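Reader: I'm new to this one. Can you walk me through it?

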Amino acid sequence: MTSTLTPVRSKRSALTKGQLPKYAPYAVLGAALIVGAAILALIGFNPFGWGVVSAILFAIGLVSWSAVVEGSRKAKDKLATCLVVGSFLVALLPLVSVIWTVLVNGIPGLLNPGFLTNSMNGVTGAFDNKAVESGGPVLGGIYHALLGTVQITLLATVISVPVGLLTAIYLVEYGHDGRLAKAITFFVDVMTGIPSIVAGLFAAAFFFVVVGPGTKTGAVAAVALSVLMIPVVVRSSEEMLKIVPNELREAAYALGVRKWRTILKVVIPTAISGIASGVTLAIARVIGETAPILVTAGFATSINTNVFGGWMASLPTFIYTQILNPTSPSNPDPSSQRAWGAALVLIILVMVLNLVARLVARIFAPKAGR
Amino acid sequence: MTATSLTSTQGAGRAGDKVFSGATLAAGCLILAVLFGVALFLVVQAIPALTAPADKIQGGQGFFAYIWPIVIGTLIAAVIALVIATPIAIGVALFISHFAPRRLASGLGYVVDLLAAIPSVVYGAWGAAFLAKQISPAYGWLAANMGWLPIFGGPASTTGKTILTAGIVLAIMVLPIITSLSREIFLQTPKLHEEAALALGATRWEMIKMAVLPFARPGIISAIMLGLGRALGETMAVALVLSSGALTASLIQSGNQTIAAEIALNFPEASGLKVSTLIAAGLVLFVITLAVNMIARWVITRHKEFSGAN
């Protein structure tokens, strides 16, 4: 009888035999870091290379140890885990790198006095040359571009939200999965995939035909952005309207309320938080679009408050032109400083919109209590 | 009697019903009209370029000779992007759906979505200012050691502004699309299939290989197709990163061009026939992406109908 109890007392019971000890990953990681540092010291140390070499050594070490102790099936499992985690880390690299680059290059531009309150009107290459050669101030700012972005995006929102919301209502409340509703759903999905530049060309071609060749205004850009924005609004609103419980609609009908009043007074208020956050996300998506604005609104260096007349600047096109065609071709540094400053402002705008969308969804969400 | 009085008092309400449902129907039809209009207006504006004599088109050899190198360039850039992005995206999606601790998963998904939130022009600026410089030594190495492959033919570009760099930037931009769609599909895998595999003693990887991936295959394919649609139409990353030129087989020299970048670079200053030529190029791009997207959506809807899971 006693003999049956003896294995239990042993440290490695039958259950854990043939398994790596719990500390195995940490031990291999430590060894990989040390060996990696040693290898890198031989060929010239840099932190990025150290990370890559250590990660590869870690994967090789853990998998081969596992293959020896646990057999090939467990080793394959470990290898897959390493690859999956590794791919996630690889995906994080560009995110960190982009945000870091924009912060490092953009903060000097943003801190420039007058960067947010001046336009580029009258800022010529001569000023930039002076700024580089004799250390003068870097003049010019993004006020005109910021204003243009706000105007174009607002107009695009004013066009897209009613159309998108009404379409979503049609799909959920009136479509009954009919042939037209199916066609609209399909083509809204297809519309999501229209390249942004084609949307811009469509708006340009439309206004060339209707108004006259060469028409480039903020309103054309707003139409182009609406083409990109409407499908996003439709999809998100549709999802939100679908999750409104049917009991609410039936309760309203039972009280004798007309269908359109039910939708306006019961269904939409219930779903408004989700709809609002969907619209905010759609704005965040189109506010950074460059190509459609480039082909529809051109680019301007001065303030233009009229959406319906004249070329108009926007933040993305400002970044694009400052990088591709610096104000002073011989001294591009001030231009690239302005471009990075504008990029930082644009990223902050997009992030704030994303954050607002999440907050709106959370704060105005209907109470779940029954 | 009561019935008539009821309906008569609600006359205004019935009119409201009609107006409202009519408005929603009109909005729905407007969307179809817009999509139709996109095609129509592009065709109308493109006709002058398609019918013009060959020597009037840029390059002097007609529209076809003008368009095919940039169509090939567009496909090259998109294929590079997909080859790089697909394995990583599937890995990330698996990590979030099956490997990461439950509590972290949604937060990590949000981090990947941040990649999609960064505007394309910022990616372009980053690619031109940072990535191209960092990666050009690697191109020198590729040209020296793998130069016998035509795609790595030297001499390598010293600025790093090549189609391969543009493809890498595109890969970063399509990554979140493929990731979020595949993640949705992976999460839909029937729990019973997964648990059955694990109960038979499968390791986690074997469970994924036997239960998750076969179930998700059509979804992954359509996710890749949608990523392809995005990569084909993406403008800024290529316009800013690539120093364009004639069609070349080598990926590490400057050269090649994509349709979207060609339009963006030339449209603002274009006039006359050049405008039509660029709009015709846009039409070609529209047709290609439309076909890709429609196939992808078709695969998704077909998958939905035949999926026995739900």
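Author: Here is a short tour, chain by chain and then helix by helix.

Author: This is a predicted model, where local features need pLDDT of at least 70, side-chain atom pairs count only at pLDDT 80 or more, and totals for chains, interfaces and linings use all residues. Residues are numbered from 1 along each chain as its sequence is written, and chains are lettered from A and ligands numbered from 1 in the order in which they are written.

Reader: Chain A first. How many helices and strands does chain A have?

Author: Chain A has 14 helices and zero strands. Both kinds of element are DSSP runs numbered from the N terminus: helices are H or I with at least four residues, strands are E with at least two.

Reader: What radius of gyration does chain A have, next to a compact globule?

Author: Chain A has 29 Å, while a compact globule of 370 residues would have a value near 21 Å. The radius is taken over C-alpha atoms, and the globule rule is 2.2 Å times the number of residues to the power 0.38. Along the principal axes, the C-alpha atoms of chain A fill a box of roughly 95 × 80 × 35 Å.

Reader: And what share of chain A is buried?

Author: 45% of its 370 residues. Buried means 20 or more other C-beta atoms within 10 Å of the residue's own, exposed means 12 or fewer, and partly exposed is in between; the C-beta atoms are placed from the backbone.

Reader: What about contacts in chain A between residues at least 6 apart in sequence?

Author: Of those, 77% join residues at least 24 apart. A contact needs C-beta atoms, placed from the backbone, within 7 Å.

Reader: Switch to helix pairs. How do helix 3 and helix 4 of chain A pack?

Author: Helix 3 (residues 47-70) and helix 4 (residues 72-111) of chain A pack at about 160°, and their axes are 7 Å apart. Axes are lines fitted to C-alpha atoms, for helices over the stretch in contact, and angles run from 0 to 180 degrees between N-to-C directions.

Reader: Why the angle and the distance?

Author: Two packed helices are described by the angle between their axes and the distance between the axes.

Reader: So are helix 3 and helix 4 of chain A roughly parallel or roughly antiparallel?

Author: Roughly antiparallel. That label is for angles over 145 degrees; under 35 is roughly parallel, 65 to 115 roughly perpendicular, and the rest oblique. Helix 3 of chain A passes helix 4 of chain A in a right-handed crossing. Right-handed means the near helix is turned clockwise from the far one by less than a right angle, left-handed anticlockwise.

Reader: Which residues meet there?

Author: Helix 3 of chain A brings residues including A:Ala55, A:Leu62 and A:Glu70, and helix 4 of chain A brings residues including A:Ser72, A:Lys78 and A:Gly86. The contact of helix 3 with helix 4 of chain A divides into eight nonpolar, three polar and three charged residues. Nonpolar covers Ala, Val, Leu, Ile, Met, Phe, Trp, Tyr, Cys and Pro; charged covers Asp, Glu, Lys and Arg; the others, Gly among them, are polar.

Reader: Next, chain B. How many helices and strands?

Author: Chain B has 11 helices and zero strands. Its radius of gyration is 25 Å, but a compact globule of 310 residues would be near 19 Å. Its C-alpha trace spans about 90 × 65 × 30 Å along the principal axes. Of the 310 residues, 47% are buried.

Reader: Where do chain B and chain A touch?

Author: 69 residues of chain B are in contact with 70 residues of chain A. Helix 2 (residues 11-51) of chain B gives the most to chain B's side, with 21 residues. By class, that side has 50 nonpolar, 16 polar and three charged residues.

Reader: What about helix 7 and helix 8 of chain B?

Author: The axes of helix 7 (residues 191-199) and helix 8 (residues 204-233) of chain B come within 9 Å and cross at roughly 160°. These two helices of chain B are therefore roughly antiparallel. Among the residues that meet are B:His193 and B:Leu198 of helix 7 and B:Met207 and B:Phe215 of helix 8. That contact has seven nonpolar, one polar and two charged residues.

Reader: Last one. Where is B:Leu114?

Author: B:Leu114 lies in helix 4 (residues 102-117) of chain B. B:Leu114 is partly exposed, because 16 other C-beta atoms lie within 10 Å. From B:Leu114 to B:Met173 is 59 residues in sequence and 11 Å in space, C-alpha to C-alpha.

Methods: Two residues are in contact if their C-beta atoms, placed from the backbone, lie within 7 Å.
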